[in-house]
Amino acid sequence: MRITLDNRLPADHAARALRADAGTAFTERPRTLPPKWFYDAHGSVLFDRITRLPEYYLARAEKQILRAHAAEIAELTGARTLVELGSGTSEKTRVLLDALTEAGTLKLYAPVDVSDTTLEGAAESLCRDYPDLSIAATVADFETDLPLPGAGPRLVAFLGSTLGNLTPDQRAAFLARLRSVLTHEGDALLLGVDLVKEPSALIRAYDDDQGVTAAFNKNVLRVLNRELHATFDLGAFDHKAIWNAEAERVEMRLRARVSHSVEIHDLNLTAEFGRGEDILTEISAKFRREPLTEELTRAGLPPTHWWTDPQSRFALLLTTR
Ligand code: AVJ
């Protein structure tokens, strides 16, 4: 069997976690929902469209860096196993898979994602295109469970600036756990992060002209309506993308257009919204070279390489042990 799928999330995990997260979001203030709830089947399609938007430079810039340095990364790591956290469709991973296949070291690709359907689709498509590769897919929430299957040297890829979704505290905890599993000589981390830049360019990336990001943001309300029998009216909220200059992060918010109340039946809860009141649905931190290098060094993962696209919009970091 060249493909294995290990589901580490019990069938009712998502349901219980969503209830808990929504319970917190709508009883405490400021109202904050974790971004992982965007990615049901519809949200995953919308995110895929986001990565192709002219305003969303992140995906293109990262792929550009990967293309420019994949052969070097393959040579530096000699990876036998490529683990990818939050792998999604594994689309841009192909650049790495190509280089590692070319170098002849790679035996196993181990994608980790919360979405079982996305993982299955990605694994099947990769299986067709990389006939000599074994695939060990794991359904897991990498914030609480970090599966690292396969033989060393292992390369762990955490791309797409997903690190930016974590608060500094969550980031420290996550990096410490990552450090604790990257134990073997030769293990490596490949991290993709978006960089601080002109706020208008950042805001455009999260508030595109076609309204795809707005639909993506509001999709979380559809998820709540469906999964928790809630009565959110998507038309009663505006999509907002805000630059938080102090924390150096983009914040996606859903802002109530009018004061109204929403029933969340499965939680036995009525959420009151004042006009202009926000739900914080995602933070997307942007990074600078020095502080991020320090943060990684403190976590025991000092970067050995730092590459950017020609316009220095995005960075790819490699930590080798
Ligand atoms: C995949 C989480 C990194 O924050 O840029 C895209 C998600 N949200 N547009 C990001 C996202 C709105 C994306 N991450």
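**Ser161**

I looked up Ser161 and found it buried in this predicted model, because 22 C-beta neighbours lie inside 10 Å. The cut-offs I used: buried means 20 or more other C-beta atoms within 10 Å of the residue's own, exposed means 12 or fewer, partly exposed is in between, and C-beta atoms are placed from the backbone. Ser161 sits in the loop between S6 and helix H6 (168-181). Helices here are DSSP runs of H or I with at least four residues, strands are runs of E with at least two, and both are numbered from the N terminus. I read a phi near 65 degrees for Ser161, a positive value in a residue other than glycine. Most residues other than glycine have a negative phi, and most peptide bonds are trans.

Residues are numbered from 1 along each chain as its sequence is written. The model is predicted, so local features need pLDDT of at least 70 and side-chain atom pairs count only at pLDDT 80 or more, while totals for chains, interfaces and linings use all residues.

**Ligand shell**

Which residues are around the ligand? I listed Ile50, Leu58, Gly160, Ser161, Thr162, Gly164, Asn165, Tyr206, Thr213, Phe216, Glu282 and Ser284. By class, the shell has four nonpolar, seven polar and one charged residues. Here Ala, Val, Leu, Ile, Met, Phe, Trp, Tyr, Cys and Pro count as nonpolar, Asp, Glu, Lys and Arg as charged, and the others, Gly among them, as polar. Helix H8 (212-228) and strand S12 (278-285) each supply at least two residues of this shell.

I followed H8 next. H8 lies across S8, strand S9 (249-256) and S12, and runs at about 115 degrees to S8. Such angles run from 0 to 180 degrees between N-to-C directions, with axes as lines fitted to C-alpha atoms, for helices over the stretch in contact. Contact means that the C-beta atoms of two residues, placed from the backbone, lie within 7 Å.

Asn217 is in helix H8. Is Asn217 buried or exposed? Asn217 counts as buried, because it has 28 C-beta neighbours inside 10 Å. Leaving out residues up to four places away in sequence, Asn217 touches His239, Met252, Leu254 and Thr281. I also checked Ala241: it is 24 residues from Asn217 in sequence, and their C-alpha atoms are 9.9 Å apart.

**The four-stranded sheet**

This open sheet has four strands in the order S2-S12-S9-S8, with mixed pairing. Strand S2 (31-32) and strand S8 (237-244) stand at the edges; each has a single partner strand, so one side of each is left without a neighbour in the sheet. Pairing requires at least two DSSP bridges between two strands. S2 and S12 run parallel and are joined by two bridges. Arg31 has Ile279 of S12 as its bridge partner.

**The eight-stranded sheet**

I traced the other open sheet as S1-S5-S4-S3-S6-S7-S14-S13, eight strands with mixed pairing. Its edge strands are strand S1 (3-7) and strand S13 (305-308), each pairing on one side only. The twist averages 15 degrees from one strand to the next. S13 pairs with strand S14 (residues 314-320) in the antiparallel sense over four bridges. Trp307 has Leu316 in S14 as its bridge partner. Helix H4 (residues 93-103) lies across strand S3 (81-85), strand S4 (108-113) and strand S6 (154-158), at about 170 degrees to S3.

**Tyr57**

Tyr57 lies in helix H3 (residues 57-77). Tyr57 is buried, because 20 other C-beta atoms lie within 10 Å. Residues up to four places away in sequence aside, Tyr57 touches Ala205 and Arg313. Val45 is 12 residues from Tyr57 along the chain, and their C-alpha atoms are separated by 18 Å.

I found a cis peptide bond from Arg29 to Pro30, with omega near 0 degrees. Pro30 is in the loop between helix H1 (13-25) and S2. The bond from Gly152 to Pro153 is also cis, with omega near -5 degrees. Pro153 is in the loop between strand S5 (134-139) and S6.

Asn268 is not a glycine, yet its phi is positive, about 55 degrees. Asn268 is in the loop between strand S10 (260-264) and strand S11 (269-273). Asn268 counts as exposed, because it has 8 C-beta neighbours inside 10 Å.

Methods
A residue is near a molecule or strand if its C-beta atom, placed from the backbone, lies within 6 Å of it.
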